[in-house]
Amino acid sequence: MRSVKPGNGPKHIVITGASSGIGAALAQVYSASGRRLSLIARNRGRLEAVASNVRVRGAGVDVYVADVTDPNAIERVLTTCDLLQPVDLLIASAGIGGGASLARDCGELGHIAREILTTNTLGVVNTITPMLPRFVARKQGQIAIVSSLAGLVSLPACPAYSASKAAARAYGAALRGLLAPLGVTVSVVCPGFVDTPMSASLPFRPPFLWTADRAARHVARALEDGRREILFPWPLAFAVRLAAILPNALADRLLMRLRQG
Ligand SMILES: NC(=O)c1ccc[n+]([C@@H]2O[C@H](COP(=O)([O-])OP(=O)(O)OC[C@H]3O[C@@H](n4cnc5c(N)ncnc54)[C@H](OP(=O)(O)O)[C@@H]3O)[C@@H](O)[C@H]2O)c1
């Protein structure tokens, strides 16, 4: 896995959801020496494993065990990170999957749906909020919010997940316009299917599956180019855009194919 050289790019990068999947792959991609990475997730063992792989490539790494659904905990961590070295790039990648069944969305009388919304939407808000005044005061900073192509079209197979990602995307898109004149860049990342523990739990074979490394390299390049909306892979992004303009009944029939056989 090749890393992206620091150059004039971000020197201190904070990544939530860094213990696995896309977040862990992003940590690898940004692991060149001269960088500092602050990695956040709940599972210390997995975080430490990612951190040791990053350290051998030269970057300085700190790990923080925190739950993005706890606003106080995440604020404490981000304040510490920013005091140690001003954060240049904040990537909110932590998230949980939506499964693909009615039972899952109704699970424990809506408990699971609420957990998905709390993690994927409020978790993003909790992550971004403490850094906003700091970025604005410095008139610089870059934020990347990992939403999903499921945030562009509502998948009947996973209502709570679709809603959580649509909200995260809308939040990021609005912040983008609000913060651009203040010198802060916001990008929304909308991956299709990426080969991670999350997609491995899907009860169907995900089409156009990318490796986490490929996705992370794509995201890092797009962020370096300052792209504000990062959709991939293009065939799925195109299909999703198309589904969004189809008559509802037809779109629902097509999208229902993405569910348990
Ligand atoms: N994989 C895909 O096909 C796909 C497609 C579109 C979008 N996405 C999005 O990409 C992001 C990363 O997903 P992934 O595929 O890399 O999944 P993953 O391998 O399951 O990783 C999810 C990461 O989020 C962390 N996390 C979950 N809940 C958390 C919480 N409450 N507080 C702090 N950290 C938490 C997990 O760490 P701990 O368990 O250690 O806390 C883990 O590091 C998610 O937002 C996901 O919705 C994924």
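Two residues are in contact here if their C-beta atoms, placed from the backbone, lie within 7 Å. Keep that in mind for the first view of this predicted model.

**View 1. Contacts across the chain of the protein.** Take the contacts between residues at least 6 apart in sequence: 72% of them join residues at least 24 apart. The protein has 10 helices and 9 strands to look for.

**View 2. The overall dimensions of the protein.** Along the principal axes, the C-alpha atoms fill a box of roughly 50 × 40 × 35 Å. How does the radius of gyration fit with a compact globule? For 261 residues, such a globule would have a value near 18 Å, and the protein has 18 Å, so the two agree. As for burial, 43% of the 261 residues count as buried.

**View 3. The shell around the ligand.** Here you can find 30 residues around the ligand, and G17, G21, R42, N43 and G95 come nearest. Which helices each supply at least two residues of this shell? They include α1 (21-29), α4 (102-128) and α7 (197-200).

**View 4. A closer look at I112.** This residue lies in helix α4, a helix that also supplies at least two residues of the shell around the ligand. I112 has 18 C-beta neighbours inside 10 Å; a residue needs 20 or more to be buried and 12 or fewer to be exposed, so I112 counts as partly exposed. Now look for A32: the C-alpha atoms of I112 and A32 are separated by 38 Å, with the two residues 80 apart along the chain.

How values were computed
Residues numbered from 1 in each chain as written. Predicted model: local features only at pLDDT ≥ 70, side-chain atom pairs only at ≥ 80, totals over all residues. Near = placed C-beta within 6 Å. Helix = DSSP H or I, 4+ residues; strand = E, 2+ residues; numbered from the N terminus. Rg over C-alpha atoms; globule rule 2.2 N^0.38 Å.
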